[in-house]
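Subject: Structure handover and notes

Hello,

Please find the structure below, followed by notes on what was found in it.

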Amino acid sequence: MGKVALIVASHGQMAKYALDSAEMVIGKQENCGVLTVSMDMTLDDAIEKMEEEFNRLDRSAGTVILVDILGGTPSNVSGRLAMTHDNVLVLSGLNLPMLIDLLMNRERTLDEIAASLEESYHNAFSNVTKLVNEREDEDECEIL
């Protein structure tokens, strides 16, 4: 099985820059698209752009769409694709650890990817101040 297709979708340029940042960490990626919703776009514009990105990708292994927030235009447009196409997984809560996890595991099934990303999402949150303050060695600035 090949790698799943990926679309990163957000309000503003967050999706583009998140993908750029992930590629800085793990290298250039193929079979990826981005939807950036701007303030001057209509819902129909967003639907059209999403369909363009979706249709230009190789979706034979399935498609994952990561969106910034649940209930916003990117998630609503993505949910529409999930309702009208098979093998589309839409997940909200886009963050860099979640995106890197996905990019490193795109050969997995959509169910495996969903489980892994749920764990990555929860593990991405840390109270760094608390971790630093709990350290006994005050001169040490590394957390891990």
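Predicted model: local features only at pLDDT ≥ 70, side-chain atom pairs only at ≥ 80, totals over all residues.

Asn-31 is partly exposed, because its relative accessible area is 23%. Asn-31 sits in the loop that links H1 and E2. Its phi angle is near 60°, which is a positive value in a residue other than glycine.

Asn-87 also has a phi near 60°, again positive in a residue other than glycine. Asn-87 belongs to the loop between helix H3 (73-84) and strand E4 (88-92). Is Asn-87 buried or exposed? With a relative accessible area of 52%, Asn-87 is exposed. The cut-off for that word is over 50%, so Asn-87 qualifies at 52%.

**The chain as a whole**

The chain has 144 residues, and 40% of them count as buried. Its C-alpha atoms fill a box of roughly 55 × 40 × 25 Å, taken along the principal axes. The chain contains six helices and four strands. Read from the N terminus, the order of elements is β-α-β-α-β-α-β-α-α-α.

Strand E1 covers residues 5-11 and pairs with E2 in the parallel sense, over six bridges. Which residue of E2 is the bridge partner of Ala-9? The partner is Leu-35. Ser-10 stands opposite Thr-36, which is also in E2.

E1 pairs with strand E3 (residues 63-67) as well, and this pairing is parallel with five bridges. Here Ala-5 has Thr-63 of E3 as its bridge partner.

How many residues of E1 are buried? Six of the seven are, and E1 is therefore described as mostly covered. Strand E2 (residues 32-37) is mostly covered too, with five of its six residues buried.

**Salt bridges**

How many salt bridges does the structure hold? There are three, and they are taken in turn here.

- Asp-20 with Lys-16: the closest N and O atoms are 2.9 Å apart. Both residues lie in helix H1 (residues 14-26), four residues apart, which is about one turn of the helix. Asp-20 is partly exposed, with a relative accessible area of 32%. Lys-16 is partly exposed too, at 34%.
- Glu-23 with Lys-28: the closest N and O atoms are 3.7 Å apart. The cut-off for a salt bridge is within 4 Å, so this pair counts. Glu-23 is buried, with a relative accessible area of 15%, whereas Lys-28 counts as exposed at 69% relative accessibility.
- Glu-53 with Arg-56: the closest N and O atoms are 3.1 Å apart. These two residues are about one helical turn apart, because they are three residues apart in helix H2. Glu-53 is buried, with a relative accessible area of 16%. Buried means under 20%, so Glu-53 falls on that side of the cut-off.

**A patch of negative charge**

Which residues gather in a patch of negative charge on the surface? They are Asp-40, Asp-44, Asp-45, Glu-48, Glu-51 and Glu-52. Glu-48 counts as partly exposed, because its relative accessibility is 46%.

Tyr-121 is found in helix H5, which covers residues 110-123. Tyr-121 counts as partly exposed, at 39% relative accessibility. The C-alpha atom of Tyr-121 is 5.7 Å from that of Met-98, although the two residues are 23 residues apart along the chain.

**Where to look**

Good places to begin in the viewer are the parallel pairing of E1 with E2, the parallel pairing of E1 with E3, and the negative patch that includes Glu-48. After that, the salt bridge between Asp-20 and Lys-16 can be found within helix H1. The loop that holds Asn-31 lies between H1 and E2.

Regards

Terms used. Residues numbered from 1 in each chain as written. Heavy atoms only, no water. Patch = residues over 30% accessible without salt bridge, like charges linked within 9 Å, V, L, I, M, F, W, Y side chains within 5 Å. Areas by Shrake-Rupley, 256 points an atom, 1.4 Å probe, with all protein chains shown as cover. Salt bridge = Lys/Arg side-chain N within 4 Å of Asp/Glu carboxyl O. Lys, Arg positive; Asp, Glu negative; His and termini not counted. Charge placed at Lys NZ, Arg CZ, Asp CG, Glu CD. Buried < 20%, exposed > 50% of the residue type's maximum accessible area, 1.4 Å probe, protein only. Pairing = 2+ DSSP bridges.
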